[in-house]
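Student: I've just opened this one and could use a quick tour. Can we go through it together?
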Amino acid sequence: MDTIIQGISTFRAQVFPGQRRMYEQLVRDGQHPNALIIACADSRVSPEHITQAGPGELFVCRNAGNIVPPFAQQNGGVSSAIEYAVVALGVRDVVVCGHSDCGAMKGLMNPEALAKMPNVAAWLRHAAAAERIVCEAYPAGMDPKEHHRALALENVIVQLANLRTHPSVAAALAKGRLRLHGWFFEIETGTLLAYDGEAGRFVPLVHEAELPVAEAPAPRVAAPEYARVAAE
């Protein structure tokens, strides 16, 4: 805690004075984040640090395994964060960000290690589909490191599928007001991979290239007779 307290002191004495006007404006004008990022709680993976975003630019929700539980009537912190970001803040992009060396994925691979952590074990059931995919659709006898990487990548895709079950997300997609992204951060190299929904694979995120999107806005009207009304 000494290091944390020292950091607070440094912020108050050296950083905040030069940024006071920015923080005052953030209070005066409110927050208008560019995106919601659902990331892992792993201490090595900081969305703000990776993206070099400043205060007010990202709405961040972090939990073990970057999990997005499917929508249900039972309320939860992740579901509430998603709904608030999409409906109240009007974010135009939602990112699910996984990463290498993920402890949650290691727990999913070795459930016996979770014997004394029943809450973690129950939480990771929301990623069970990813483990099933890797076990049944990938080559048998994979190296444990390869298995772990495949599992972490597939988990991002599974959580994107869960994300689409949330009414606020489904409606925003249908109205053409939201894009979904799947990212994977390699801690050891600093590389960020993005899921290309059309190609069905992860590709390196390059600044000069077009941003790969897991799911683009898809404005639609199911019943043709309402098309003209919706357009108006």
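Student: What does Cys102 touch, leaving out residues up to four places away in sequence?
Tutor: Cys102 touches Cys40, Gly65 and His148. Keep in mind that this is a predicted model.

Student: Where is Cys102 found?
Tutor: In the loop between β3 and α4.

Student: Buried or exposed?
Tutor: Cys102 has a relative accessible area of 1%. The cut-off for buried is under 20%, so Cys102 is buried.

Student: How far is Cys102 from the nearest cysteine sulfur?
Tutor: The nearest is the sulfur of Cys40, 4.2 Å away. A disulfide needs the two sulfur atoms within 2.5 Å, so Cys102 is in no disulfide.

Student: And what about Cys61, which cysteine sulfur is nearest there?
Tutor: Again that of Cys40, at 11 Å. Cys61 is in no disulfide. Cys61 counts as buried, with 11% relative accessibility.

Student: New topic. Which residues does UniProt list for "binding site"?
Tutor: The UniProt entry, which is unreviewed, lists Cys40, Asp42, His99 and Cys102. They span 63 residues in sequence, yet no two of their C-alpha atoms are more than 9.0 Å apart, so they gather at one spot.

Student: Where does His99 sit?
Tutor: In strand β3, which covers residues 93-99. His99 counts as buried, at 1% relative accessibility.

Student: Which residues does His99 touch, again skipping those up to four places away in sequence?
Tutor: Two residues from the UniProt list are there, Cys40 and Asp42. His99 also touches Arg44, Val45, Ala152, Phe184, Phe185 and Ile187.

Student: Let's switch to pockets. How much space lies in the second largest pocket?
Tutor: About 190 Å³.

Student: Which residues line the second largest pocket?
Tutor: Ser100, Asp101, Lys106, Met109, Asn110, Pro144, Lys145, His148, Arg149, Phe184 and Glu188.

Student: How do the lining residues divide into nonpolar, polar and charged?
Tutor: Five are charged, three are polar and three are nonpolar.

Conventions: Residues numbered from 1 in each chain as written. Predicted model: local features only at pLDDT ≥ 70, side-chain atom pairs only at ≥ 80, totals over all residues. Heavy atoms only, no water. 1 Å grid on protein atoms, 1.4 Å probe; cavity = no way out; pocket = protein on both sides within 12 Å on 5 of 7 lines; lining within 4 Å. Points joined across faces, edges and corners; volume = space filled by probe spheres on them. Nonpolar A, V, L, I, M, F, W, Y, C, P; charged D, E, K, R; others polar. UniProt positions renumbered as here; feature names shortened; annotations may be inferred. Helix = DSSP H or I, 4+ residues; strand = E, 2+ residues; numbered from the N terminus. Buried < 20%, exposed > 50% of the residue type's maximum accessible area, 1.4 Å probe, protein only. Contact = heavy atoms within 4.5 Å.
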